[in-house]
Structure formats: C-alpha cells, structure tokens
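Subject: Structure handover

Hello,

Here is the structure for you to look through. My notes on it follow below.

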Amino acid sequence: MKSAGRKSLKRRLTIQLLLFQIGSLFIVTAAFVAYLSSGASGSALLSPAAAQITANAIMRDKAGRLMLDETNEFVELRDSMPGFWFVAVSEKGEIVQGGPVPEAFSNMDQQLSDVKVSDVRDAALSYSYLAVLRIAVVRRASGPAGEFVMVGKGGAFSMAFPVLLFSNILIMPILLIMSIVTIVTIPWIIRREFFALSAIARTAESIDIDKRGYRLPDGDIPWEVQPLVHAVNGALKRLDDGYERHKRFILDAAHELRTPVAILQTRVETLLDGPDRSRILADASRIAVLAEQLLDLQRLGGQKAPLIPLDLVGLCRSVVADMAPLAISQGYELSFEPDEEPILALADDASLQRALMNVVQNAIEHGGNRGTITIKVGANRVIDISDQGNGIPEEDREAVFDAFHRLIPKDRGTGLGLNLVQEIVRYHGGEITISDSPSGGASFRISLPYC
C-alpha cells in the first residue's frame with residue numbers, strides 16, 4: 001500500500017475531535033431551543049414587534065395615568081398568542097401590565113423600575129438579559145404615552161431571535177477557538193505521547209539475524225500499546241529460540257557427518273581403481289565439503305575472528321597454488337595478475353582464503369572445463385575472479401548467493417559455497433557482485449574496504 005493512502009492518526013483524531021465538539025455544541029443548542037420552545041422554563045421572551053404594538057396600545061387618560069387601550073393590532077396580537085402577557089415600566093417608574101403574568105415575574109415591578117430607559121443604550125439591538133433562574137428579554141419601545149421598558153411573552157420571533165443571537169455571539173466564537181486549539185494541540189500531543197513509539201521503531205529497525213536477543217523497550221509507552229509490544233517481544237524470543245535450535249542441529253549434524261565420511265573415504269581408497277571407486281570418492285568428497293561449509297557458516301554466526309592488516313596478493317597467490325592442481329586436472333589454466341605488491345586490507349586470513357577458494361572452485365565446476373581462470377588483485381583492494389564459461393544470466397545473479405540454490409540441476413556441488421562467500425565478504429565489510437567477463441564467462445568481484 002502506498003504511504004499516501006495510509007490514514008494519519010493525527011489527522012483522524014483531530015477531525016474526530018472537531019466533529020465531536022461541533023456535534024456537542026449543536027446538541028446543546030438544539031436542547032436549549034427545545035427547552036425554550038416547550039415553555040417549561042417560564043421564560044419572558046417578547047419580540048420587538050410585540051413590544052412596539054404593546055407600547056402603541058398604552059395611553060394616558062385625562063388625569064395623566066397610564067391605561068391600556070386595546071387597539072386592533074393589540075387585540076390581534078393577543079388573540080394570535082395564547083398566554084400573551086407583558087409588564088411595562090415608564091421613565092417615571094409607572095407600571096402597566098396585562099395578561100396572565102407568571103408568578104415568577106409578578107414581583108419584578110421594582111426590578112423593572114430600576115432598569116431605566118437610558119440604561120438600554122443599544123437602539124439597534126434594544127434588549128438586555130436578566131438571567132437569575134428565569135430568562136427575560138427586556139425590550140425598549142416608544143408609544144403615545146412615552147418610552148417604556150417592558151418584559152413579557154409574545155410574538156412569532158420571540159424565542160428564535162435571542163437563540164439565534166446566542167448562537168452567533170456565543171457559540172460560534174467558542175467553536176472557532178476550540179477548533180484552532182484542537183488543530184494546533186492535537187498533533188503536538190500525539191507527537192509527544194508517541195515519542196516512546198518512535199524509539200521502539202528505531203530499536204526494531206536495528207534487529208536482524210546478527211543481533212539476536214534484542215527486545216523492544218516497554219517501560220515508557222502507553223498501556224494500550226503494551227500488549228502489542230509484549231506480543232512482538234514474545235515473537236522475537238520464539239524466533240531466537242528456533243534459530244538457536246536450528247543452529248545447534250546444523251552444527252551437530254555437520255560434526256556427526258565428518259567421522260563417517262572420513263571412514264568412508266578411507267575404505268573406498270582401499271578399493272581397486274575404477275569408475276565406481278572414482279564416483280564414490282567424489283560423492284564422499286562432496287559430503288565432506290558440505291560438512292565443512294556448514295561448520296564455516298556456524299563459525300561466522302558465532303565468535304568472529306578479529307580483522308588484521310593482510311596482504312591480499314600473498315593470500316591470492318596461496319589460493320592459486322592450492323587450486324592449481326585441481327584446475328589443471330579439469331582442463332583449465334590459471335592466471336594470477338596482481339597490480340602491485342603488497343596490497344593490504346583488514347581481513348581474517350582463514351575465512352577470506354575459504355571464500356576465494358570457493359569462488360575458484362565454482363569457476364572450475366561451471367567454466368565448461370576449458371579456457372583460463374583469471375585472478376586479478378587491484379590496488380584498490382578489488383579481487384576479480386573470472387572464467388571463460390557460459391556465464392550467469394543477469395536475472396539469476398542475486399539468487400546464486402542463496403543457500404542451497406543451484407542454477408541448474410546437477411549431480412555435484414552443495415549449493416552453499418557462494419552463500420558462504422557472501423557471508424564472509426559481508427563480515428569483512430565488503431561487497432561481492434557478478435558480471436560478464438571479457439570472454440563472456442562469469443566474473444566475480446570482491447571489493448574490500450580500505451584499512
């Protein structure tokens with residue numbers, strides 16, 4: 001799966017928290033509206049139109065006292081709003097009320113008389129809030145008898161308008177602030193809390209076959225993640241145990257093979273010369289080589305010898321001398337071409353010599369029993385071993401280093417030689433590659449680091 005298609009935990013948590021906050025505010029607002037609409041709160045919510053109609057219906061009699069003149073608009077308003085009521089106070093503190101004033105607001109005469117008209121300053125909004133246990137919208141309106149401050153219940157928009165105002169003035173800024181805080185803080189919090197997981201990931205990247213016994217740290221991680229870490233550590237322990245069992249089995253099998261193979265070779269050598277004797281000796285030699293290669297692999301996986309400065313020219317010359325009789329008997333010529341002498345590199349004599357002998361042995365087996373096998377030692381610590389055989393197809397050059405891999409079915413060879421060579425070269429910090437030789441055969445290049 002492409003990384004772009006993977007879901008980001010930071011983004012998911014941020015979006016989900018934002019949706020939760022928006023949903024919570026929406027539910028609170030809806031509940032508030034439903035609460036007001038039910039009328040259970042005893043709220044005094046008077047629309048501006050209803051307040052103006054009421055102010056127009058308040059007149060003064062000949063004695064100058066306030067009285068309610070039920071105009072057609074007032075009657076229509078009262079008939080269209082069951083339960084309509086109001087309490088109005090003039091600038092002089094005179095009070096006029098009408099309709100079934102709730103008990104909760106019946107004792108608000110003195111409170112309304114304390115709210116002077118001049119205290120309601122915003123003519124555009126023309127309201128203020130009284131919120132103790134009840135919600136009341138105090139309106140200001142002018143009529144024939146003067147200006148009044150009033151509270152009441154009535155008008156088609158008596159509840160919608162303050163709720164809408166509450167949403168715009170209070171909820172939206174709060175939602176905006178909460179959104180900004182969420183977007184900024186959630187990634188930082190997640191990054192901070194997941195710092196321990198980053199350390200675990202770095203530790204996991206360092207675990208490989210050569211660093212067994214490592215475990216993921218579980219001391220400073222969230223407890224929700226601990227079961228996963230414990231499961232991975234359990235899997236690593238089982239892998240280590242299985243590898244150790246596998247290692248012991250191969251080591252024991254290799255040791256056990258050496259004795260019967262040596263006995264078999266001794267007995268076969270006492271037989272009369274003939275094709276059967278040669279074939280049996282070749283098979284016994286093949287088993288002996290396999291046992292030695294298995295032991296070499298186990299030695300590489302155990303305590304490794306220290307690398308010391310070594311003359312590559314002298315080492316390669318020794319390998320050529322040892323392999324020359326076998327190569328000549330198989331129809332080859334050996335050519336040794338050092339650039340200069342000496343050429344030093346940090347190496348282990350025994351293991352690197354084993355690797356070079358395996359590469360030459362591979363050239364002898366697959367070079368077609370013709371031509372020249374050339375060993376070149378470059379001043380840049382590069383060793384090239386090439387033959388004049390059929391070569392190795394490019395698509396198979398990586399696979400030939402796998403254990404027990406064989407390019408073509410055959411009745412000789414163990415399939416471990418080149419795998420052992422690769423392990424030895426890696427142990428030396430070098431690299432081995434395959435290319436075509438100038439004559440069309442295979443060319444193995446071993447590059448070793450500088451001292």
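**An aromatic cluster**

Phe74 is buried, and Phe86 is buried too; buried means under 20% relative accessible area, exposed over 50%, and partly exposed in between, with a 1.4 Å probe and protein chains only. This is a predicted model: local features need pLDDT of at least 70, side-chain atom pairs count only at pLDDT 80 or more, and totals for chains, interfaces and linings use all residues. Residues are numbered from 1 along each chain as its sequence is written, and side-chain values use heavy atoms, with hydrogens and water left out.

How many aromatic pairs does the structure hold? There are 3. Rings of Phe, Tyr and Trp (its six-membered ring) pair if their centres lie within 6.5 Å; planes under 30 degrees apart count as stacked, over 60 as edge-to-face and the rest as tilted.

Phe74 sits in helix H3 (residues 72–80), while Phe84 sits in the loop between H3 and strand E3 (85–90). Helices (H or I, at least four residues) and strands (E, at least two) are DSSP runs, numbered from the N terminus. Phe74 and Phe84 are both buried.

Phe74 also pairs with Phe86: the centres are 6.2 Å apart and the planes are at 85°, so this pair is edge-to-face. Phe86 lies in strand E3, 12 residues from Phe74. Phe74, Phe84 and Phe86 form one aromatic cluster.

**The nonpolar cores**

A nonpolar core is a set of buried Ala, Val, Leu, Ile, Met, Phe, Trp, Tyr and Cys residues joined through side-chain atoms within 4.5 Å. The largest one has 39 residues. Leu312, Leu356, Ile383, Ile385 and Phe444 have the most contacts inside it. Which helix gives the largest share of this core? H10 does, with 8 residues. Another core lies apart from it and has 18 residues, including Leu77 and Phe84.

**Helix H11**

H11 covers residues 349–366. Its 18 residues should span 26 Å at 1.5 Å a residue, and its end C-alpha atoms are 26 Å apart, which agrees. The expected span is 1.5 Å times one less than the number of residues. Buried residues in H11 include Leu352, Leu356 and Val360. Just after H11, Gly368 takes a positive phi of about 80°.
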